Amino acid sequence: MFHRLGEATLNSFEKLGRGSWFLWFTLRGVFEVAARPGLLGAQIYSVGVLTVMLITVSGLFVGMVLALQGYTILSDFGAEETLGVMVAASLVRELGPVVSALLFAGRAGSALTAEIGLMKATEQLSGMEMMAVDPVKRIVAPRFFAGVVSMPLLAAIFSTVGILGGHLVGVGMLGVDDGAFWSQMQATLDYRDDIFNGVVKSLVFGFVITWIAVFEGYDSLPTSEGVSRATTRTVVHSAFAVLVLDFLLTALMFGDF
Amino acid sequence: MDEAESDAGCLVTVRNLVFRRGNRKIFDGVNLDFPQGKITAIMGPSGTGKTTLLRLMGGQLRPDSGKILVDGQNVHALGNRDLYELRKRMGMLFQSGALLTDLNVFENVAFPMREHTRLPESMIRTLVLMKLQAVGLRGARNLMPAELSGGMARRVALARAIALDPMMIMYDEPFSGQDPISMGVVVKLIRELNDSLGLTSIVVSHDVHETNTIADKIYILSEGKVVGEGTPGSLIRSTSERVQQFMTGAPDGPERFHYEAPDYSGDLLA
């Protein structure tokens, strides 16, 4: 049993090492990507734009639920007017980056892994190498940077739509004062503490999810089973990484140690 | 120094190649010469590492020892940049075709040109149509790879392999899985392209008949070693048992029909 444990530990560290090398090569593709913005644009479309609908609908409902839940608690203390603050702060600080990252991992991360894994299984990556085209620069790097760019934008859309959803329920249905909803939010939310930190979180999440997704695809066994396992690993590991990192980042940003 | 060692008139030379996968020796001191402008075939039973050999030549795998010279350059001593420069002059036809599935036929053939040259669009169009005409698929330019038959996909891949006018092409099992007609097309294309473009062709195959009709020179590999070499005619007359078994397709011979196993009767009664 100890033998197995040791082997598993060695394997995961070895994979981490390979993943880091791979990340380094991917990052070096930045010049290639900068020189050909068309490649990046196409990937931002498939990684980011195609995820917007999912993010919008989810954001709307999360915001609506927040307002509903928040109202029942806040009204006990007669503090309904701070509903706007509560909805906006939870979204901008936590739910926006985290929930959109989880959705992003499920929608875009899995697609990236499956796409790259299948390209590997059908020898397309190998064929590219033989055509003297580096697949890491040509295929992986644009997808990676597209993910890093898209994630904060998606999180911003999520939070914005969520706040509108909260307004819809809080002001429209539950009768919270419209002026108070917005002015309290404006007065309380801080640009650096709340919004900037939220953007940093979503940048980190985007970086990690896309890294995991492209690496799992590139590293997958070139069989149908290998690709399906890699896709599953992408979603599971990204979700796990997002939740752990969220705690660490929150502790760093807001914790008083 | 490297140039001096490679035989005159040979574009690719392989010297004392040793390659292991795990404990298994795929190649055990193999020497091969590929003369310029000729079609040289590598034959052997499945699993003798014929595809591996092509990957070693393309620098995608590293040998454990020995060296491979392509156009006088030691493939595995090159830096990444030089290796990529060399690959631009080497075409490779994968068994599956390895077409990019998100691009149509035209864009697939144009891909190497767009990646490596700054030719104007009109020039690329002319070149792509010429390459497609050479493989008889100019009319299929707007199809997607998924809409092509296996034989057509291989011809598109061939057009792509010659897109940058390479000095050589490596064919990985070009005849396998083809119907008789598309097989004939491929045989004709390999010969025609070799002669008209002045290419050096390396064909890896286990189809004895087709290979015999086009190869100028054949090597037969078995268990990591070269067991026969020569022109198709001389190999058919070879007295070596291994060569005879392979050329005639006898089910049992030096290459055993049975995978290595314990004694049959003992195994059944165990």
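## Residues of note in the backbone and at the chain contact

Glu173(B) is buried in this predicted model, with a relative accessible area of 5%. Its place is the loop between strand E7 (168-172) and helix H7 (180-197) of chain B. Although Glu173(B) is not a glycine, its phi is positive, at about 45°.

A positive phi, of about 50°, is also found at Asn16(B), which is not a glycine. Asn16(B) belongs to strand E1 (residues 10-21) of chain B. With a relative accessible area of 46%, Asn16(B) is partly exposed, whereas Glu173(B) is buried.

Glu123(A) sits in the loop between H5 and H6 of chain A. The relative accessible area of Glu123(A) is 18%, and this residue is therefore classed as buried, the cut-off being under 20%. When residues up to four places away in sequence are not counted, Glu123(A) touches Arg55(B), Phe94(B), Gln95(B), Ser96(B) and Ala98(B).

## Chain A as a whole

Chain A contains ten helices and zero strands. Read from the N terminus, its elements follow the order α-α-α-α-α-α-α-α-α-α. The C-alpha trace of chain A spans about 70 × 50 × 30 Å along its principal axes.

Of the 257 residues in chain A, 45% are buried. Among the contacts in chain A with a separation of 6 or more, 83% are between residues 24 or more positions apart.

## Helix H3 of chain A

Helix H3 of chain A covers residues 37-48, twelve residues in total. From its first C-alpha to its last it reaches 15 Å, close to the 16 Å expected at 1.5 Å a residue.

Which residues of H3(A) are buried? They are Leu39(A), Gln43(A), Val47(A) and Gly48(A). These residues lie on the same side of H3(A), because they cover an arc of only 125° around the axis. An α-helix has 3.6 residues a turn, so residues three or four places apart point the same way. On the other side of H3(A), Pro37(A) and Gly38(A) are exposed.

## The largest pocket

The largest pocket holds about 1400 Å³ of space. It is lined by 37 residues, of which Glu129(A), Asp134(A), Pro135(A), Tyr84(B) and Arg87(B) are the closest to its centre.

The most comes from H3(B), with seven residues. Divided by class, the lining of the largest pocket has 16 charged, 15 nonpolar and six polar residues.

## The second largest pocket

The volume of the second largest pocket is about 400 Å³. Its lining consists of 14 residues, and those closest to its centre are Lys15(A), Leu16(A), Ile212(A), Glu216(A) and His237(A).

Which elements give two or more residues to the lining of the second largest pocket? They are H1, H9 and helix H10 (224-254) of chain A. H1(A) gives the most, with six residues. By class, this lining has eight nonpolar, four polar and two charged residues.

## The enclosed cavity

How many cavities of 30 Å³ or more are there? The count comes to one. About 170 Å³ of space lies in the largest cavity. The lining of the largest cavity has 17 residues, and the closest to its centre are Met131(A), Gly91(B), Met92(B), Arg160(B) and Ala161(B).

At least two lining residues come from each of H6 of chain A and H3, strand E6 (90-93) and helix H6 (150-161) of chain B. E6(B) gives the most to the lining of the largest cavity, with four residues. Eleven of the lining residues are nonpolar, three are polar and three are charged.

How values were computed
Residues numbered from 1 in each chain as written. Chains lettered and ligands numbered in written order. Predicted model: local features only at pLDDT ≥ 70, side-chain atom pairs only at ≥ 80, totals over all residues. Heavy atoms only, no water. Expected span 1.5 Å × (residues − 1). Buried < 20%, exposed > 50% of the residue type's maximum accessible area, 1.4 Å probe, protein only. Arc of directions from axis to C-beta. 1 Å grid on protein atoms, 1.4 Å probe; cavity = no way out; pocket = protein on both sides within 12 Å on 5 of 7 lines; lining within 4 Å. Points joined across faces, edges and corners; volume = space filled by probe spheres on them. Nonpolar A, V, L, I, M, F, W, Y, C, P; charged D, E, K, R; others polar. Contact = heavy atoms within 4.5 Å.
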